[in-house]
Amino acid sequence: MVAYQALVLTHDNETVTAQYATKLTPDLPKEGVLIKVAYSDINYKDRLTMNAKSGVLKNYPATPGVDFVGTVVTSDNPFF
C-alpha cells in the first residue's frame, strides 16, 4: 500500500475548491498501469474544470487529468 497526493475538486454553491488529498493505492482501480510520477502539470482543459462556470465538468468531487512523466511500476497491459 502506497500513499500518494491527488488534486481533488469539490463544488459548493457555484464555487469550485481544489485541495490536495492523500490517497492510498488500494483506492485505485485494480486494472491498468501504476506509474511512479517524476514530474506533472495540469493541462489547459483540466484547469478549466476548476471554474464552476466553465461547464467543462458536471460531476463533483472529481480529480482533473494531468500530464506526467515517470516510471512504470506495475501494468496489466503488455505494451507498458
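Student: Which residue in β2 stands opposite L7?

Tutor: Please keep in mind that this is a predicted model. In it, the residue of β2 that stands opposite L7 is Y20.

Student: In which sense do strand β1 and strand β2 pair, and over how many bridges?

Tutor: The pairing is antiparallel and extends over ten bridges. Strand β1 covers residues 3-12, and strand β2 covers residues 15-24. A second pair of facing residues may be found at D12, which stands opposite T15 in β2.

Student: How many residues lie between the strands in the hairpin of β1 and β2, and which residue takes a positive phi?

Tutor: Two residues lie between these strands. The residue with the positive phi is N13, and its value is near 50°.

Student: How do the side chains of a regular strand relate to the two faces of the sheet?

Tutor: In general, the side chains of a regular strand alternate between the two faces of the sheet.

Student: Is Q19 buried or exposed?

Tutor: The cut-off for exposed is a relative accessible area over 50%. Q19 counts as exposed because its relative accessibility is 52%. Setting aside residues up to four places away in sequence, Q19 touches A6, L7 and V8. As for distances, the C-alpha atoms of Q19 and G70 are 23 Å apart, and these two residues are separated by 51 residues along the chain.

Student: In what order do the elements of the protein chain run from the N terminus on?

Tutor: The order is β-β-β-α-β. The chain has one helix and four strands. Its C-alpha trace spans about 40 × 25 × 20 Å along its principal axes.

Student: Where does A62 have its place? Does A62 count as buried or exposed?

Tutor: A62 is found in the loop between α1 and β4. Buried requires a relative accessible area under 20%. A62 has 14% relative accessibility and therefore counts as buried. Apart from neighbours within four places in sequence, A62 is in contact with L7, V8, L9 and L57. Note that L7 is the residue with which we began, opposite Y20.

Student: How far apart in space are A62 and S75?

Tutor: From C-alpha to C-alpha, A62 and S75 are 24 Å apart, with 13 residues of separation in sequence. Now consider another pair: the C-alpha atoms of D76 and E31 are separated by 6.2 Å, although these residues are 45 residues apart along the chain.

Student: Where does D76 lie, and which residues does D76 touch?

Tutor: D76 lies in the segment after β4, a strand formed by residues 67-75. Not counting residues up to four places away in sequence, D76 touches K30, E31 and G32. Its relative accessible area is 55%, so D76 is exposed.

Student: What percentage of the 80 residues of the protein chain count as buried?

Tutor: The buried share is 14%. The accessible surface comes to about 6,400 Å², and 54% of this area belongs to carbon and sulfur atoms. Among contacts with a separation of 6 or more, 58% are accounted for by residues 24 or more positions apart.

Student: How far apart are the mean positions of the positive and negative charges?

Tutor: The mean positions of the 7 positive and 8 negative charges are 4 Å apart.

Student: Where is confidence lowest, and where is it highest?

Tutor: Confidence is lowest in helix α1, residues 44-48, where the mean is 80, and highest in β4, at 91. The chain averages a pLDDT of 82, and 100% of the residues score at least 70.

Methods: Residues numbered from 1 in each chain as written. Heavy atoms only, no water. Pairing = 2+ DSSP bridges. Buried < 20%, exposed > 50% of the residue type's maximum accessible area, 1.4 Å probe, protein only. Contact = heavy atoms within 4.5 Å. Areas by Shrake-Rupley, 256 points an atom, 1.4 Å probe, with all protein chains shown as cover. Lys, Arg positive; Asp, Glu negative; His and termini not counted. Charge placed at Lys NZ, Arg CZ, Asp CG, Glu CD. pLDDT = per-residue confidence, 0-100.
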